[in-house]
Each structure stands twice: as structure tokens, then as C-alpha cells.
Amino acid sequence: MSSILLLGANSDVAVAVGVKYASKGYDIVLAGRRPDELETLKSDLEIRFGIMARVMLFDAENTSGHADFCNQLNPFPEKTFCVFGYLGNQNKAESDWDEANHIIQVNFTGALSIVSRIANRYELQKEGTIIGISSVAGERGRQSNYFYGSAKAGFTTYLSGLRNRLANSGVHVLTVKPGFIDTKMIHGVSTPKILTASPKQVAEAIFRADRKKKNVLYVLSSWRIIMIVIKLIPESIFKKLKL
């Protein structure tokens, strides 16, 4: 039986991904910081789709525990989804290093710590899929979210290098850049509806990209065009924009 690992399973996107893959017969490991909150999802997936689900405690920032976490994965999942993230507060991060460091630790350090261990296992067994949720925010630094954006830029570069390294090992690495997603992570933030995807849209797009073994996925194609334009703006002009 095929299985997947959802790292950050408490998130809205992870729930949608779990439902999509469970509907296709995948067993699921639900890993998150609040495992008690995942028990309802576990029961729902098992009852609705007749699959096996398991709940595990996982904390992205507890990097010293990541090796033990991986050792407890038995059987080892065929696909791993790195879904967790922390948007944080840009204004607070500018004057409070604890907030800035929290953004970096979750989105960059923690992600690399767990994904690297899983990648090594996949490389040894010559098969596996890693799907990392990055962000268009990492494509160019903007004053409104450059701590989060820089962490995601690092994660995007890491996934690119990992994909290059594992290309001949039977291991596939997919980088997902969703743009705005209508989730609790951006609760209270006004976003253009035409540029905002639902968690279900993200899950459907990921599933299709996974099957086609795409390397990079923009959930809404309009974001690819937008980011090309943004990256083409000369720095002398860009630095004066309120973005």
C-alpha cells in the first residue's frame, strides 16, 4: 500500500492534500505540533476512504529530534510533503529578533533539517518523492515580508539543489509556489480573489504535478507571469515601490 507523510498536517493545505491522496488510496502519516488536534482528521480519513492513518508529534523547530522522528517512520512513506510554515509579523521581526528567528527556524532551518534526512533515506532506496511548499515571496525581497520571503527563497534554492543532486537517483523533488491561499495563515489579510487559491485547488494542482513529475508548480499560472514582471523591474525603481 502506498503512503505519504504530511509534515505540518494541522495546516489547511495539508488537510486538503490528505483528503486528495486518501481518496486515491494512500495511507497517511499526519505529523504536527498539536497531534491531539489531528485525531479527528485521522478518524475522518480512515472512515471516509478506508485507508490507514497515523498521528505523530512533529515540531519543525526541534531539529535535535528530527532523526528520532525519521526512525519512527515504519514503514517509511513513499512521498513526503513539507507543508508547514510560519508567515510571522514583518514589522515585529524588524525590531524583535525572536520573531525574526522564529520565521527563519520554521521556514528554512527546520525544513532543511527534516527534508535532508528524508532525502538521504530516499537516495539510499533509490526511490521517493519530496514535495516542498515554498512561496512566490521568495522570488524577490519586498519590504512587507522580506524575513518570510528570504527564508522561503532559501528553501526554494535548497529544493532546486536537492532536485539536481537526486536527479539520477530515482528521487523526485517538486517545488510548489502557491501564491495567496485562502487559509487561516493569512486570516485578516485582504488578497485579490483572482490571485487567491483555495486549499482544495492547491491539493488538486499538487496531485496533478506529482503524477506528471513536474519540477516547479505555480498553482495559479498568473503568478508565474506576475513574478516574471516583478523580477524585471530595475532595482532603482523597485526599491521605491511600496510592495
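The model is a predicted one, in which local features need pLDDT of at least 70 and side-chain atom pairs count only at pLDDT 80 or more, while totals for chains, interfaces and linings use all residues. Residues are numbered from 1 along each chain as its sequence is written, and side-chain values use heavy atoms, with hydrogens and water left out.

Side chains of opposite charge can pair when their charged atoms come close. With a salt bridge taken as a side-chain nitrogen of Lys or Arg within 4 Å of a carboxyl oxygen of Asp or Glu, the count comes to 9 salt bridges. One of them joins Glu204 and Lys20 at 3.0 Å, N to O, and this pair links distant parts of the chain, since Glu204 lies in helix H7 and Lys20 in helix H1 (residues 12–23), 184 residues apart. Helices here are DSSP runs (H or I, at least four residues), numbered from the N terminus. Lys20 counts as buried at 14% relative accessibility, whereas Glu204 is partly exposed at 26%; buried means under 20% relative accessible area, exposed over 50%, and partly exposed in between, with a 1.4 Å probe and protein chains only.

Another salt bridge, between Asp44 and Arg48, stays inside helix H2 (residues 39–49), where the two residues are 4 apart, about one turn of the helix.

On the surface, Arg208, Lys212, Lys214 and Arg224 gather in a patch of positive charge, a patch being made of residues with over 30% relative accessible area and no salt bridge, with like charges joined within 9 Å. Arg208 lies in helix H7 (residues 199–212).

Note on methods: Patches are made of residues with over 30% relative accessible area and no salt bridge: like charges are joined within 9 Å, nonpolar side chains (Val, Leu, Ile, Met, Phe, Trp, Tyr) within 5 Å. Accessible areas come from the Shrake-Rupley method with a 1.4 Å probe; for residues, only the protein chains shown count as cover. Lys and Arg count as positive and Asp and Glu as negative; His and the chain ends are not counted. The place of a charge is taken as NZ of Lys, CZ of Arg, CG of Asp or CD of Glu.
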